[in-house]
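Here is a short note to read beside the structure. Keep the view open and find each residue as it comes up.

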Amino acid sequence: MNTSPSRAARLTSLATAAITLLLTVPAAQAVDWTGYFRTGPGLTSADASRACYSLGGGSKGMTYRLGNECDFYGEFQLSQGFKVDGIETRVTLMTNHYTGATDTDGRGLGIEQMFAEAKGFDVAPEATFWIGKERGRRGDVHIVDTFFVEMAGVGAGFKGQPAGPGKLGVAFYKTDGDANRPGNRLNVEYLGLPAGADGKLNVFFTATRGDFAGGKSGTGLTLRHDQDKLFGTGLSNTLFVQFAQGSTALNANFGDLTAGSRAKSWRVVQSLTGQSGAIGGQSMLLLASETNAAGVQTDSASVGGRISFAMTKHFKLIGDIGYSQFKTENAPTAKLLKTTIAAALSTGPGFWTRPEFRLYVTTAKWNSAAGNPTGQAALAGKTSNTSAGAQVEWWF
């Protein structure tokens, strides 16, 4: 009989040991504990397991998440800072857990981040140097739970080095989880360039290569413009313009390491966010096109938004609507419309205030070309459905 511990047990032991180590440092050096999680029960109008709605193809970033998350997810981070002879150092451990269903069986435990960083070395006193598993500078649109820039992985580099009007960062990453298909990645970022009143331009360059027979190289470029006080209002705007080719993904990470120069993709994403009195919200417009290694092109588009209205200091009404579509060459256009209404208890009236304790009703309609966007066998052949449930979302 095999008596070796399971992967979950080994990870749990590792996390427990790391947490114990961090918590036993001198009290004068405080441990920072932060995290995020979401969970809750749900049901559908059919005799099926809980259903959520997402097109199975096309570009990422087209799933509007309010009342449309069937998973159980959490991430919890411990971070400990030290100062030695003027050098500021920090070690970070983040564990996470994912189960693609309402309940958890304990098998989804993982290490999301584990790295060390330091700042203040005399050779480059403003730069922060780091080594380990880290997920880098990210850029997301919250209502679709998508990081359109995510330089994650195991690597080493520096960030925050002043260079002209902006700050420079360079990192090298290695992936070798598949021993037969290892890969290398270089990320260069140049952040915070002034671009108009209250505007900043951020530039992300990526180069990848499959380090094996048949491995291909690739490059990618993302421009992200962040605008505060848009037209003198309380709105902020984020615009992503992205291009990638070969084995590089649009999000500045590894793509298909066997994809050659025939594979190309581009994406434009614009997101408005704001709060005015009791009303807050976020919207998104996405246009994208992807040509795979076989030369087949898929065009995608999505538009939607979420709005919250604070009826009282602690009670909100929330609405969310999103329309998405994609079309692959020589195939019909897949379409999906999803709407959600929710009532929420929260610790404050703002759009970003968490925790939120929600009750929601979600309806979705799709065409036959979309197939079964729920993945639930009981809904095969259907083109509409209604779900309801409760969810807590919390970051701290």
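Predicted model: local features only at pLDDT ≥ 70, side-chain atom pairs only at ≥ 80, totals over all residues.

1. How many disulfides does a search of the whole structure find? The search finds 1. A disulfide is a covalent bond between the sulfur atoms of two cysteines. Here the partners are cysteine 52 and cysteine 70, with their sulfur atoms 2.1 Å apart. Both cysteines lie in the loop between β2 (42-44) and β3 (72-84). The pair therefore ties together parts that are 18 residues apart in sequence.

2. Look at the geometry of that bond. The torsion about the S-S bond of cysteine 52 and cysteine 70 is about 100 degrees, so the disulfide is right-handed. Are the cysteines buried or exposed? Cysteine 52 has 17% relative accessibility and counts as buried. Cysteine 70 is buried too, at 16%. The cut-off for buried is under 20% relative accessible area.

3. Now turn to charge. The whole structure holds 23 salt bridges. One of them joins aspartate 145 and arginine 38, at 3.5 Å from N to O. This pair links distant parts of the chain, 107 residues apart. Aspartate 145 sits in the loop between β7 (138-141) and β8 (146-150). Arginine 38 belongs to strand β1 (residues 31-39).

4. Aspartate 145 has another partner to check. The side chain of arginine 65 meets aspartate 145 in a salt bridge of 3.4 Å, N to O. Arginine 65 is in the loop between β2 and β3, and aspartate 145 is in the loop between β7 and β8, so this pair ties together parts that are 80 residues apart in sequence. Aspartate 145 is partly exposed, with a relative accessible area of 32%. Arginine 38 is buried at 7%, and arginine 65 is buried at 5%.

5. Which residue forms a salt bridge with arginine 358? The partner is glutamate 393, and the closest N and O atoms are 2.7 Å apart. Arginine 358 lies in strand β20 (residues 356-366) and glutamate 393 in strand β21 (residues 384-395), so the bridge ties together parts 35 residues apart in sequence. Both residues are buried.

6. A network of salt bridges links Arg38, Arg65, Glu69, Asp71, Asp145, Lys316, Arg354, Glu356, Arg358 and Glu393.

7. Next, take serine 302 in strand β17. Serine 302 counts as buried, at 2% relative accessibility. Its side chain makes a polar contact of 2.8 Å with the side chain of tyrosine 64. A polar atom of the serine 302 side chain also lies 3.3 Å from the backbone oxygen of tyrosine 323. Beyond residues up to four places away in sequence, serine 302 touches several others, including Met62, Met284, Leu286 and Ser324.

8. Threonine 298 is in strand β17 as well. Threonine 298 is buried, with a relative accessible area of 14%. Its side chain makes a polar contact of 3.0 Å with the side chain of threonine 328. Among the other residues that threonine 298 touches are Gly58, Ala288 and Phe326.

9. Threonine 44 and threonine 386 are 342 residues apart along the chain, yet their C-alpha atoms are separated by 5.8 Å. Threonine 44 lies in strand β2 and counts as buried at 11% relative accessibility. Now take valine 84, in strand β3. Valine 84 and threonine 104 are 20 residues apart along the chain, with 42 Å between their C-alpha atoms. Valine 84 is exposed, at 52%.

10. Finish on the surface. Trp33, Ile279, Ile307, Phe309, Met311, Phe315, Leu317, Leu345, Phe357, Trp394 and Phe396 form a nonpolar patch there. Together they have about 1,100 Å² of accessible area. Which elements give two or more residues to the nonpolar patch? They are β17 (297-310) and β18 (315-328). As for leucine 345, its place is in strand β19 (residues 334-346).

Conventions:
Residues numbered from 1 in each chain as written. Heavy atoms only, no water. Patch = residues over 30% accessible without salt bridge, like charges linked within 9 Å, V, L, I, M, F, W, Y side chains within 5 Å. Areas by Shrake-Rupley, 256 points an atom, 1.4 Å probe, with all protein chains shown as cover. Salt bridge = Lys/Arg side-chain N within 4 Å of Asp/Glu carboxyl O. Helix = DSSP H or I, 4+ residues; strand = E, 2+ residues; numbered from the N terminus. Disulfide = S-S within 2.5 Å. Buried < 20%, exposed > 50% of the residue type's maximum accessible area, 1.4 Å probe, protein only. Contact = heavy atoms within 4.5 Å. Polar contact = N/O pair within 3.5 Å; in protein donor to acceptor, adjacent residues only side chain to side chain.
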